[in-house]
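Have the sequence and the 3D view open, and follow along one stop after another.

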Amino acid sequence: MRTSSSSSSYPPYILLFFILLPLLLVLLLAFSLNSKQYSSSWSPPWLSSASTAASAALEAEADGVALTQKEIFASNISSSASSIEADDHISFSPAPQPAVSSNELIQLEDSSPPVRARRRDVHLERLEFNLAKARASITFAAQNPNKTSAEDKDYVPIGPVYRNPYAFHRSYLEMERLFKVYVYEEGEPPLFHDGPCRSIYSMEGRFIYNMEMGNRFRTRNPEQAHVHFLPFSVVKMVKFIYQPKTFDITPIKRTIVDYINVISSRYPYWNRSLGADHFMLSCHDWGPHASKSLPYLYSNSIRVLCNANTSEGFKPLKDVSLPEINLKTGVTAGFIGGIPVSRRSILAFFAGGMHGPIRPILLKHWKDKHDNDMQIHEYLPQGVDYYKMMKSSKFCICPSGYEVASPRIVEAIYLECVPVIISDHYVLPFSDVLNWKSFSVQISVDQIPELKNILARISKGQYIRMWRRVKMVQKHFVVNSPPERFDVFHMILHSIWLRRLNFRVQDLN
């Protein structure tokens, strides 16, 4: 019995082994499952910045929160810029972000359906990276003069007519090297892809025509574009769909809304930036009102307008002032050029109708005063040629009418007459790069009674310098067909380029 009892019992450590073995197997299994979970959620460091926006969107969606397209776009741009900056050690400011008011943002969040985060936009990242290098190159040129003249045998900006000639020249060269514009092909003439070329609104039609004909800046691939052009003509809409004397532009606004709905449903670019990398162009007085068709067109997009009135919502940091040029025959041949200073016997000249708030004040003080120095008329005497009078004058008075822009400014420059600009809230064309005070006289409405004294105090030497600068700056307002470097078409493009570049050349002085 003793032998049998001893053979059926086991040592204590054997029993402990059989008890712990199942527990050990359970722990090993749990550890293996946990490792697989961690390995499946890991991503390499070079993908972390690009997936930040996607992760945020998916996590928010899992929690019942839908991200708006604006939030995802901003997150994508921020993460892309951070990735490029870290990799290439170049610091740059972000691309222009859409300026959205709190009310508009609430409206967007309420109306926008839930969307999933997009994948990393490699094309957009590359565009932003090249823009960053362009900004760095412009800054370097501003700080190191005379470094660009060797690269350009055609024309080198120089002198006080420019705010910073070196920065402007480098910016222009970078524009020629990089800038691409995509023109949406949707829409039919005459409301789209067409515009007036022989009227006071000629710059609207001229720009559309030059973009449609193709040039080094137009791209057929929207992925390569820095900006997207909305090729509608407000002038043509007023002519064909506006009901005369109703002052109701609702049909114009509805047409623009329908057009943007079409291109935003066919392409991702409008929704990607909420219109911030799109631009419209109009020389009609109702251009600013037409831009209010959509909140984002008005507040986010680049608006290229002749009526560049800051009191009516024009934003110089975002919008572009378009010169108003009255091409009655469609060409400028025989219209450009003046006479020497010694043959300009009239001190100041103006002739024009009494409309708007400024001209009545001008005519009240100076109309038909029988002063040979001050030739101010509402209507010219019979047989007197308007342009010959401008050519014979030292100063040409350019007051605003009902709208701030006036074709007299460019007419004065064409005829080498120093412009005297009388306007409130007007942003002058190309003022990012041109120093208007060096070749024009700007006075306020309150100074109209002292107009003759102000002009008479300008010495002969100072006037000759201003006159020569008018001749220098003339090339930037000339309309060429086809366009030529540094002419008005390219200066308009350069102004748009600066807005997309998000860069202020004048701050480099």
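**A threonine and some cysteines**

Start at Thr 219, which sits in the loop between helix 9 (202-212) and strand 2 (227-229). Helices (H or I, at least four residues) and strands (E, at least two) are DSSP runs, numbered from the N terminus. Before going on, keep in mind that this is a predicted model, where local features need pLDDT of at least 70, side-chain atom pairs count only at pLDDT 80 or more, and totals for chains, interfaces and linings use all residues. Residues are numbered from 1 along each chain as its sequence is written, and side-chain values use heavy atoms, with hydrogens and water left out.

Is Thr 219 buried or exposed? With a relative accessible area of 6%, Thr 219 is buried. Buried here means under 20% relative accessible area, exposed means over 50%, and partly exposed is in between (1.4 Å probe, protein chains only). The side chain of Thr 219 reaches the backbone nitrogen of Asn 221 at 3.1 Å. Setting aside neighbours within four places in sequence, Thr 219 also has contacts (heavy atoms within 4.5 Å) with Lys 180, Val 181, Tyr 182, Gln 224 and Ala 225.

Now for the cysteines. How many disulfides does a search of the whole structure find? The search turns up 2, where a disulfide is a pair of cysteine sulfur atoms within 2.5 Å. Counting bonded cysteines along the chain, the pattern is 1-2, 3-4.

The torsion about their S-S bond is about -85°, so the disulfide of Cys 283 and Cys 306 is left-handed. Cys 283 and Cys 306 are both buried.

Cys 396 and Cys 417 form a disulfide too, their sulfur atoms 2.2 Å apart. Here Cys 396 lies in strand 8 (residues 393-399) and Cys 417 in the loop between helix 17 (408-414) and strand 9 (418-422), 21 residues apart. Why is this disulfide of Cys 396 and Cys 417 called right-handed? Because the torsion about its S-S bond is about 115°. Cys 396 is buried at 1% relative accessibility, and Cys 417 is buried at 0%.

Finally, look at Cys 398, buried at 2% relative accessibility. The closest cysteine sulfur to that of Cys 398 is in Cys 396, 6.4 Å away, which is too far for a bond. Cys 197, by contrast, is partly exposed at 26% relative accessible area.

Conventions
Polar contact = N/O pair within 3.5 Å; in protein donor to acceptor, adjacent residues only side chain to side chain.
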